[in-house]
Amino acid sequence: EYTIKGRHGNSSFEQEMYAFQHRLKLTDLSPRVLTQVMIMNDVNYDRNKRLVRDPMPTNERYHLLGRAFIHLNATEHVTANYPNFTHLMVMHVVESFMSARTLEQVSFLTGIQHLYQTRHPKQQATKAAHCFQALVGAVYRHRGAERASELLQELLYPTLTEEMVAEAVKAPLSVSSLRAFARVCMEQQLPRVSVRLLQEAGRHTVVPTFVMGVFVGGKLFAQGAGTSFKSAREEASKQALLSYYNTPGGEDAFEGFREATPEVIGSPEEWDAQASA
């Protein structure tokens, strides 16, 4: 039979669980439930993969519930905080939250790796992530959706970085960032987009620097730097997209630009031709 034990130094499982409960403010959840959250399914099978005589309650049902709740709650979180995101961008961020890498990172921050119980020590990070999802499921089952949502707000959603948002914005695009931003402006019935060189340094050196600006109706909306016209233009366009998609709900990303004087310097077709030249 399997014996539940601590996995960190000389501490007992009960001592580690007590510290875990208070660290995550889960004292309202019974130790029996938290213990079940930490028990992987393989503890009920011997080395010959035969079911043991007195199997323990494992975390499989909590894991199933937790994974479903995280997916739904993360979708609500992203759509509420990024109202300008397309459905593909929302899906990309939610998939990032659900990825093994993110869940492993969060589970290790909580100390789950010192508590979960398994007969096979391989794939420790994956098993810790599995237990974190089970923990969310247990909190949802016994303390409700609001408390489970608070847990995700504290632990999971802070892992969303600017790089992840930028990747979510860029990933679904099948065209250049500049074309994508021009399309957004067209949908918003804004003056056409233009692009121009703002600054440059070291044009004839090994590593020149160019700063390009993206303008909406003659007003500067975003800028970016690069070692060539093409890379600087792409960076400026990416920053323009991020400015739009990162705008909180209830705010107008193009406030002050809707009445701008239409000023067009080149078209998307001309920009693409210049980039390929």
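**Close-up views of a predicted single-chain model**

The chain's secondary structure amounts to eleven helices and three strands. Helices (H or I, at least four residues) and strands (E, at least two) are DSSP runs, numbered from the N terminus. This is a predicted model, in which local features need pLDDT of at least 70 and side-chain atom pairs count only at pLDDT 80 or more, while totals for chains, interfaces and linings use all residues. Residues are numbered from 1 along each chain as its sequence is written, and side-chain values use heavy atoms, with hydrogens and water left out.

**View 1. The whole chain.** Along the sequence the elements run α-α-α-α-α-α-α-α-α-β-β-β-α-α. Of the 277 residues in the chain, 45% are buried. Buried means under 20% relative accessible area, exposed over 50%, and partly exposed in between (1.4 Å probe, protein chains only). Accessible surface totals about 15200 Å², and carbon and sulfur atoms hold 51% of this area. Areas come from the Shrake-Rupley method with a 1.4 Å probe; for residues, only the protein chains shown count as cover. Take the contacts between residues at least 6 apart in sequence: 59% of them join residues at least 24 apart. Contact means heavy atoms within 4.5 Å.

**View 2. The three-stranded sheet.** The strands form an open sheet in the order β1-β2-β3, with antiparallel pairing. The edge positions belong to β1 (193-201) and β3 (219-226); each has a single partner strand, so one side of each has no neighbour in the sheet. From one strand to the next, the twist averages 25°. Two strands pair if DSSP finds at least two bridges between them.

View 3. Eight bridges join β1 to strand β2 (residues 209-216) in the antiparallel sense. Leu197 has Met212 of β2 as its bridge partner. Seven bridges join β2 and β3, again in the antiparallel sense. Here Val214 is bridged to Ala222 in β3. The hairpin of β2 and β3 has two residues between the strands, and Gly217 takes a positive phi near 60° there.

**View 4. Helices on the sheet.** Helix α9 (residues 177-187) lies across β1, β2 and β3, at about 140° to β1. Helix α10 (residues 229-245) also packs on the sheet and touches β1, β2 and β3. The direction of α10 makes about 130° with that of β3. Axes are lines fitted to C-alpha atoms, for helices over the stretch in contact; angles run from 0 to 180 degrees between N-to-C directions. Buried residues of α9 are Ser177, Leu178, Ala180, Phe181, Ala182, Val184 and Cys185. Gln189 follows α9 and has a positive phi, near 55°.

**View 5. The crossing of α8 and α10.** Two packed helices are described by the angle between their axes and the distance between the axes. The axes of helix α8 (residues 162-170) and α10 come within 10 Å and cross at roughly 100°. From α8, Val165, Ala166, Val169 and Lys170 meet Glu234, Leu241, Leu242 and Tyr245 of α10. Six of the residues in this contact are nonpolar, none polar and two charged. Ala, Val, Leu, Ile, Met, Phe, Trp, Tyr, Cys and Pro count as nonpolar; Asp, Glu, Lys and Arg as charged; the others, Gly among them, as polar.

View 6. In helix α7 (residues 145-155), the buried residues are Arg147, Ala148, Ser149, Leu151, Leu152 and Leu155. Their cover includes α3 (60-81), α5 (100-110) and α6 (124-143). Ser96 sits in helix α4 (residues 87-98). Ser96 counts as buried because its relative accessibility is 17%. Beyond its neighbours within four places in sequence, Ser96 contacts Thr102 and Met164.

**View 7. Positive phi in two loops.** Lys25 lies in the loop between α1 (13-23) and α2 (31-37). Lys25 is not a glycine, yet has a positive phi of about 55°. Lys25 is exposed, at 63% relative accessible area. Gln123 belongs to the loop between α5 and α6. Gln123 is not a glycine either, and its phi is positive at about 55°. With 61% relative accessibility, Gln123 counts as exposed.
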